[in-house]
Amino acid sequence: MNLLSAENLSKSFDERTLFNALTFGVQQGEKIALVGPNGAGKTTLLKTLAGMLPADGGQVAVRQGVRMSYLEQQPELNPGLTVAATLFDAGNEIAAAVAAYEHAMLHPDQLSDEQMQHVLIRMDELSAWDYEARQKQILGKLGIDNLDAYISQLSGGQIKRVALARLLLAEPDLILLDEPTNHLDLAAIEWLENHLRSAQTTLLMITHDRYFLDNVSSVILELNQGQLYRYQGNYAYYLEKKADREAAELASIEKARNLYARELEWMRRQPKARGTKAKYRVEAFEEIKEQAFKNVRKDSVQLEVQARRQGGKVLEIEHLSKALGGQTLVSDFSYTFRKGDRVGVIGRNGVGKSTFLNLITGKLLPDSGEVLWGQTTLAGYYTQHTDDLTPGSRLIDEVKAIAEYVTLADGRQVSASKLLDMFLFPPAKQYAVVDKLSGGERRRLQLLKVLVANPNFLILDEPTNDLDIDTLNVLEQFLAEFGGCLVLVSHDRYFMDRLVEHLFVFEGEGVIRDYPGNYTSWRDEQDELEQAKATMPAKATAAAAPTASAPPPAPTGTTKKLSFKEQKELENLLTRIPDLEARKEELANTMSQTTDFAQVQALAHELQVLERELEAATARWLELES
């Protein structure tokens, strides 16, 4: 069943045609990724489909009764509303009931017993408990914990997460997403990936996250030079078939050029008698001419700048500590960088990753400790933000302010204008003001400004945001061959896996662990730990009731023996943990059935204490078992 149809869709901006006569449809259940180079018109196409921009020609039809929602790359929400008011539309009865329940739980002193009972009864009448559980999962995974905060108090990344949560809670039939993984941490991206992959929702999204593309999408639409190409498969399949298509196009153009040379000779004969030439052959000649001169040039960024020599001392971090707003972000961290170190930085949002980068670059002063740079070390810091571009200035002036000439990797020197051309800013655009650049173009210019100084220590904070896949591939290749040190914060798991050799894992409360390996190896290790915890209660129950036919295995020579006291403790845990699990389930069931406010409060407190006790018991069981 077709949920959305576009017929002969066209759109132009500033005399430039972005797409022309596009016709395609979105079938129910399809998960489609829209890809293409920066500036190709992907966001414009999505906004046109969502009805936010009028088409110059053609039409968009959405099947009657289909609920469609669109998440912009930079959503605009009402700054005067709270997060709760933004998330829970008053027109949705279930959402309103859950919002009232959440408010009551957060502010029990503001309601009478009668009002609280009414809130609980309303939750029962609408069967809203499942909705509340789903809401808690979505908000928790997206890191939204303060429902009373006003939108005006949030950062751009927090606003994006609130808008995404609102969309997912609404459960529309058709979702349009523009770069949904931007501003999410790695854990949230993996959750969103699994959620979208398993949901029955139909999806059309723009994303440059290659793992996300591969794991979620079943169809790839490529928008390039105003044309749309469809590939039935994931990202890996698309790469293979795209290469086949481009090779076939080149062969077709070569054939057309050979034919054009012959037809041109025929057209030039007897010019005075042109009107008597066969009309069909003249029309065919014009078609051959158009095909022969079709532009198949594939522009790509050229990263060829030279890194300067690195001395013996690179960077030493000694007992670094920093707290902000009462939260410890870095605590007594020390590390000595060696030549060629390639470090990835991971951790949930708000745990201190950007603060750490600002500390080592001197943008922020530590509470204690030192950051000691080597005399020959020159850092290049590529931040998440592009506010270092001067409003009203021209592109050429932004680069010339750093250097008039730049030395490339092969020793050649090129002018600032030539370097801009290598970064896909042609001469005609170099004298435009930076205010008119797209998001991807601003990021590309910022990257150019970092590299033009020839740094030997690169610090990249979310460099993949707003860059198209072709540019990402070039950047990856450049960084893979970069001879200096690299510190990388990125939500792009593919990017991290290719480039880093070990990780700084921010575990919270200022703790930073140095992990030897890339992101996937760390993620696999975490999955194994989680599986061990998940299977622990079953193991405990089985061990607590051994049968005669299945005696416990004899200890091996490599197993450390427990003391008598530890053995008794382990035996107690094997029976205690299943009891705690059963009590936890019993409390949850009772809470969902009672309408007595005082009882709900008492049960919630008991559940909180029990969860802490269960966590401690589980940790001790794992310790004794190992």
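Trainee: Which residue in S11 stands opposite Leu320?

Mentor: Leu320 has Phe333 of S11 opposite it. Two strands are said to pair if DSSP finds at least two bridges between them. Helices (H or I, at least four residues) and strands (E, at least two) are DSSP runs, numbered from the N terminus. Please note that this is a predicted model, in which local features need pLDDT of at least 70 and side-chain atom pairs count only at pLDDT 80 or more, whereas totals for chains, interfaces and linings use all residues. Residues are numbered from 1 along each chain as its sequence is written, and side-chain values use heavy atoms, with hydrogens and water left out.

Trainee: Where is pLDDT under 50?

Mentor: pLDDT is the predictor's confidence in each residue, from 0 to 100. Where pLDDT is low, the predicted coordinates should not be read in detail. In this protein the average is 80, and 82% of the residues score at least 70. The stretch 544-559 stays under 50; for these residues the model has 2 contacts (heavy atoms within 4.5 Å) beyond four places in sequence.

Trainee: In what order do the 3 strands of the open antiparallel sheet stand?

Mentor: The order is S11-S10-S13. Strands S11 (327-337) and S13 (368-373) each have a single partner strand, so one side of each is left without a neighbour in the sheet. From one strand to the next, the twist averages 20°; angles run from 0 to 180 degrees between N-to-C directions, and axes are lines fitted to C-alpha atoms, for helices over the stretch in contact.

Trainee: How many bridges join S10 to S11?

Mentor: S10 and S11 run antiparallel and are joined by 7 bridges. Their hairpin has 2 residues between the strands, and Gly325 takes a positive phi near 60° there. S10 (residues 315-324) also pairs with S13, again in the antiparallel sense, over 5 bridges; Glu318 has Glu370 in S13 as its bridge partner. Helix H11 (residues 353-360) lies across S10, S11 and S13, at about 130° to S10.

Trainee: Which strands are at the edges of the sheet of 6 strands?

Mentor: That open sheet has mixed pairing and the order S5-S6-S7-S3-S8-S9. Its edge strands are S5 (68-71) and S9 (227-231), each pairing on one side only. Within the sheet, S6 (residues 174-178) and S7 (residues 202-206) pair in the parallel sense over 5 bridges, with Asp178 opposite Ile206.

Trainee: At what angle do H3 and H5 pack?

Mentor: Two packed helices are described by the angle between their axes and the distance between the axes. For H3 (residues 93-106) and H5 (residues 129-141), the angle is about 70° and the axes are 10 Å apart. That makes H3 roughly perpendicular to H5, since angles under 35 degrees count as roughly parallel, over 145 as roughly antiparallel, 65 to 115 as roughly perpendicular and the rest as oblique. Residues of H3 including Val98 and Tyr101 meet residues of H5, among them Trp129 and Tyr131.

Trainee: Is Thr44 buried or exposed?

Mentor: Buried means under 20% relative accessible area, exposed over 50%, and partly exposed in between (1.4 Å probe, protein chains only). Thr44 has 14% relative accessibility and therefore counts as buried. Thr44 belongs to helix H1 (residues 42-49). Leaving aside residues up to four places away in sequence, Thr44 touches Lys11, Phe13, Leu18, Phe19 and Leu53. Of the 8 residues of H1, 6 are buried, so H1 is largely enclosed by the rest of the structure. After H1 comes Gly51, with a positive phi near 85°.
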